[in-house]
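Open the structure in your viewer and keep the selection panel at hand. We will go from the whole chain to single residues.

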Amino acid sequence: MLLAIFLIGVGLLTAALKTLDLGSPVREAVLVSAARRLKNRNPPQEGVQRTYWSVREYRRDAARLTALGYRVISETQTSPYLQGAALPGRSPMTVRSPVAHVTYELRK
């Protein structure tokens with residue numbers, strides 16, 4: 001009985017950790033800092049390329065860049081989870097990937 005409860009707990013913890021994104025606050029701070037550098041740059045940078053790991057990251061950064069006068073000129077979206085290689089006798093691994101690659105251009 002105790003073993004069953006332990007295994008269920010481990011399964012729930014494993015599932016929760018797969019969806020937890022510990023790097024999100026760090027990436028957000030880096031994007032805020034990069035937007036601040038773009039704002040203070042003279043002359044302004046003509047083009048900016050960004051890679052986003054979540055839709056939330058994309059929305060927040062797009063709003064910041066739009067406020068600075070940039071517009072999206074190219075956007076590629078992918079699934080956040082891709083099937084990776086499979087070892088013999090095992091199911092394929094799920095690999096995390098960026099959800100969007102976006103290129104911005106300064107409005108003229």
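The tour below goes stop by stop.

**Before you start**

This is a predicted model: local features need pLDDT of at least 70, side-chain atom pairs count only at pLDDT 80 or more, and totals for chains, interfaces and linings use all residues. Residues are numbered from 1 along each chain as its sequence is written, and side-chain values use heavy atoms, leaving out hydrogens and water.

**Stop 1: the whole chain**

Show the cartoon. The chain has 3 helices and 5 strands. Helices (H or I, at least four residues) and strands (E, at least two) are DSSP runs, numbered from the N terminus. Follow the elements from the N terminus: α-α-β-α-β-β-β-β.

Of the 108 residues, 21% are buried, that is, under 20% relative accessible area (1.4 Å probe, protein chains only).

**Stop 2: the sheet**

Select β1, β5 and β2. In which order do the strands of the open sheet lie? The order is β1-β5-β2, with antiparallel pairing. Two strands pair if DSSP finds at least two bridges between them. From one strand to the next, the twist averages 20 degrees.

Zoom in on β1 and β5. They are joined by 6 bridges. Pick threonine 51: its bridge partner in β5 is histidine 101.

**Stop 3**

Angles run from 0 to 180 degrees between N-to-C directions, along lines fitted to C-alpha atoms, for helices over the stretch in contact.

**Stop 4: the core**

Show side chains. A nonpolar core is a set of buried Ala, Val, Leu, Ile, Met, Phe, Trp, Tyr and Cys residues joined through side-chain atoms within 4.5 Å. The largest one has 13 residues; Tyr52, Tyr58, Leu65, Tyr70, Ala100, Val102 and Tyr104 touch the most other members. Two or more residues each come from α2 (24-40), β1 (47-52), α3 (55-67) and β5 (100-106). β5 gives the most, with 4 residues.

Finish on alanine 100. Leaving aside residues up to four places away in sequence, Ala100 touches Arg50, Thr51, Tyr52, Tyr58, Thr76 and Gln77, where contact means heavy atoms within 4.5 Å.

Technical notes: Buried < 20%, exposed > 50% of the residue type's maximum accessible area, 1.4 Å probe, protein only.
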